[in-house]
Amino acid sequence: MPTEVIRVVIVGCGVVGAAIAYELSQITGLAITVVDRQPPAQAATGAALGVLMGVVSQKTKGRAWNLRQSSLRRYQQWIPALEALTGQRVPVNHQGILLLGFEADLSKWDALIATRREQGWRLERWTPEQVGDRCPQLSLNGITAGIYSPQDCQIDPTALTHALVAGAAKRGVQFDFFSPVESLEFANTAELADATQQRCVGVRTVQGDRLLADWVVIASGLGTTPLLDSLPPPKIDIRPVLGQAMRVKLAKPMGDRTFQPVITGDDIHIVPLGDGEYWIGATVEFPEDEPSTSLGHGNTPEAIAAHPAALEKVWQGAIALCPALTEAEVLHTWSGLRPRPAHRPAPVLERLATCPNLILATGHYRNGVLLAPATAEWVKEEISGAIGSL
Ligand SMILES: Cc1cc2nc3c(=O)[nH]c(=O)nc-3n(C[C@H](O)[C@H](O)[C@H](O)COP(=O)(O)OP(=O)(O)OC[C@H]3O[C@@H](n4cnc5c(N)ncnc54)[C@H](O)[C@@H]3O)c2cc1C
């Protein structure tokens, strides 16, 4: 191990950047700075519902499943450790996810249940009658089964990100908010064997500050593509997919007060928050659906408009699942932009061949909260592996 301090700059303090900072803060000898143009947990993270569709997802092998299962396991350790370290509460709903099936052929669910059993995870298939018994708030109209996933959970993404920031700060990580990174700085160095390679030596902020680094981690979601513009192809093209959601309130919680899982059906999540309040969401709106709002070069993601009709469709879908929601008061609605990599699977976890000390941990699309711990673990392994081999 080298004895000098190794400087790491992380660009972006959504749930992914905060998770990376927290994880890296466990390695001694790193001087870590997180830079963001906003305070933590804004952008996509500030809009997310925090539903962790891991065991219940149809991903059963390869990277997609490995990241999911590793995140679920890691969260079990992270949450109590974070709460103890920071004294901050991170609300987690441990009552699982109940996914409603509407298809006549349930064989894909039976196959998934069998696979999960072999992998050491639990999933249960409930009849519509069992669904009605456990969750009497549900209309059973068209429901052919309930797939109950007791080991999946839901986490408040904003509280989580703030706790990760507080935990990382306690372990010495520096945070530099309201500092937009304008560009990355590169140098060709003799130490690199390949002449086509370059080194990222740091970042420059809009204010003109230079932050020098031995490692730069890009966790900037939709801010990624412009930052990497000067690099040779292939381009990393992260595009926005808009999501709208709402918070509603009933006089009392629906169904059995002691059993309040996340309910998901027809890609609509009903997330219990306690005291009769629920998050309902989210729409999935591609800019391609509306050519005039698509992101051209230089446009800002904020230019994408939310369509009220899309949110109304989700709301009516939620009422069809839980008719008691007709009585609910809508407290507020919001929208956010999911960072989705074009022409490749999410997320982008990559160390660039042309710039080996630049790590991309971005483009988590619909699952950034779910995949944050596994992403952080991967970044930690990349850096600690390289440091170890120096
Ligand atoms: C409505 C909605 C619901 C969702 N629900 C879920 C869910 O239930 N479960 C789930 O797992 N995921 C969900 N997601 C997806 C999830 O929100 C994202 O995948 C996740 O938040 C991505 O995190 P991130 O940290 O990579 O990006 P972000 O949260 O977008 O953070 C990126 C950060 O980078 C900063 N940044 C960008 N460019 C620069 C720059 N040049 N200089 C300085 N800072 C910069 C930004 O200010 C921002 O703070 C949802 C998303 C939406 C919109």
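Tutor: Let's start at the ligand. The largest share of the shell around the ligand comes from α2, with 4 residues. One caution: this is a predicted model.

Student: How many residues surround the ligand, and which are the closest?

Tutor: 43 residues surround the ligand. The closest are Gly-14, Ala-43, Gly-223, Gly-243 and Gly-368.

Student: Which elements give two or more residues to that shell?

Tutor: Those are α1, α2 (43-47), β14 (238-249), β18 (329-341) and α9 (368-388).

Student: And how do the shell residues divide into nonpolar, polar and charged?

Tutor: The shell around the ligand has 22 nonpolar residues, 17 polar and 4 charged.

Student: OK, at what angle do α1 and α6 cross?

Tutor: At roughly 30 degrees. Helix α1 covers residues 15-24 and helix α6 covers 157-170, and their axes come within 8 Å. That angle makes α1 roughly parallel to α6. The crossing of α1 past α6 is left-handed.

Student: Which residues of α1 and α6 meet there?

Tutor: From α1, Val-15, Ala-18, Ala-19, Ala-21 and Tyr-22. They meet Pro-157, Leu-160, Thr-161, Leu-164, Val-165, Gly-167 and Ala-168 in α6. The residues of this α1 and α6 contact divide into 10 nonpolar, 2 polar and no charged.

Student: What about α3 and α6, what is the angle there?

Tutor: About 60 degrees, with the axes of α3 and α6 9 Å apart. The two helices are therefore oblique to each other. Again α3 passes α6 in a left-handed crossing. On the α3 side, the contact is made by Leu-82, Leu-85 and Thr-86. On the α6 side, Ala-163, Leu-164, Ala-166, Gly-167 and Lys-170 take part. The α3 and α6 contact has 5 nonpolar residues, 2 polar and 1 charged.

Student: And how far apart are the axes of α3 and α9?

Tutor: 7 Å. Helix α3 (residues 62-86) packs against α9 at an angle of about 90 degrees. That makes α3 roughly perpendicular to α9.

Student: Which residues of α3 and α9 meet?

Tutor: In α3, they are Leu-67, Arg-68, Ser-70, Ser-71, Arg-74, Tyr-75 and Trp-78. Their partners in α9 are Leu-370, Leu-371, Ala-372, Pro-373, Ala-374 and Glu-377. This contact of α3 with α9 counts 8 nonpolar residues, 2 polar and 3 charged.

Student: Now sheets. What is the strand order in the sheet of 8 strands?

Tutor: The order is β6-β7-β5-β15-β16-β17-β14-β18. The sheet is open, and its pairing is mixed. The edge strands are β6 (124-126) and β18, and each pairs on one side only. From one strand to the next, the twist averages 20 degrees.

Student: How many bridges pair β14 with β18?

Tutor: 12, in the antiparallel sense. For Pro-240, the bridge partner in β18 is Pro-339.

Student: Which helices lie across these strands?

Tutor: Helix α4 (residues 107-119) lies across β5, β6 and β7, and runs at about 150 degrees to β6. Helix α8 lies across β5, β14, β15, β16, β17 and β18. It runs at about 70 degrees to β16.

Student: There's a sheet of 3 strands too. What is its order?

Tutor: β3-β8-β4, open, with antiparallel pairing. β3 (51-52) and β4 (92-93) stand at the edges with a single partner strand each, so one side of each is left without a neighbour in the sheet. 2 bridges join β4 to β8 (residues 153-155). Asn-93 has Gln-154 in β8 as its bridge partner.

Student: Last topic, backbone geometry. Which peptide bonds are cis?

Tutor: One joins Gly-281 and Ala-282, with omega about -5 degrees. Ala-282 sits in the loop between β17 and α8. Another runs from Ala-346 to Pro-347, with omega near -5 degrees. Pro-347 is in the loop between β18 and β19 (348-351). In general, most peptide bonds are trans.

Student: And what is phi of Ala-41?

Tutor: Near 60 degrees, a positive value in a residue other than glycine. Ala-41 lies in the loop between β2 (30-35) and α2. Most residues other than glycine have a negative phi.

Technical notes: Residues are numbered from 1 along each chain as its sequence is written. This is a predicted model: local features need pLDDT of at least 70, side-chain atom pairs count only at pLDDT 80 or more; totals for chains, interfaces and linings use all residues. Axes are lines fitted to C-alpha atoms, for helices over the stretch in contact, and angles run from 0 to 180 degrees between N-to-C directions. Angles under 35 degrees count as roughly parallel, over 145 as roughly antiparallel, 65 to 115 as roughly perpendicular and the rest as oblique. A crossing is left-handed if the near helix is turned anticlockwise from the far one by less than a right angle, and right-handed if clockwise. Two residues are in contact if their C-beta atoms, placed from the backbone, lie within 7 Å. Ala, Val, Leu, Ile, Met, Phe, Trp, Tyr, Cys and Pro count as nonpolar, Asp, Glu, Lys and Arg as charged, and the others, Gly among them, as polar. A residue is near a molecule or strand if its C-beta atom, placed from the backbone, lies within 6 Å of it. Two strands pair if DSSP finds at least two bridges between them.
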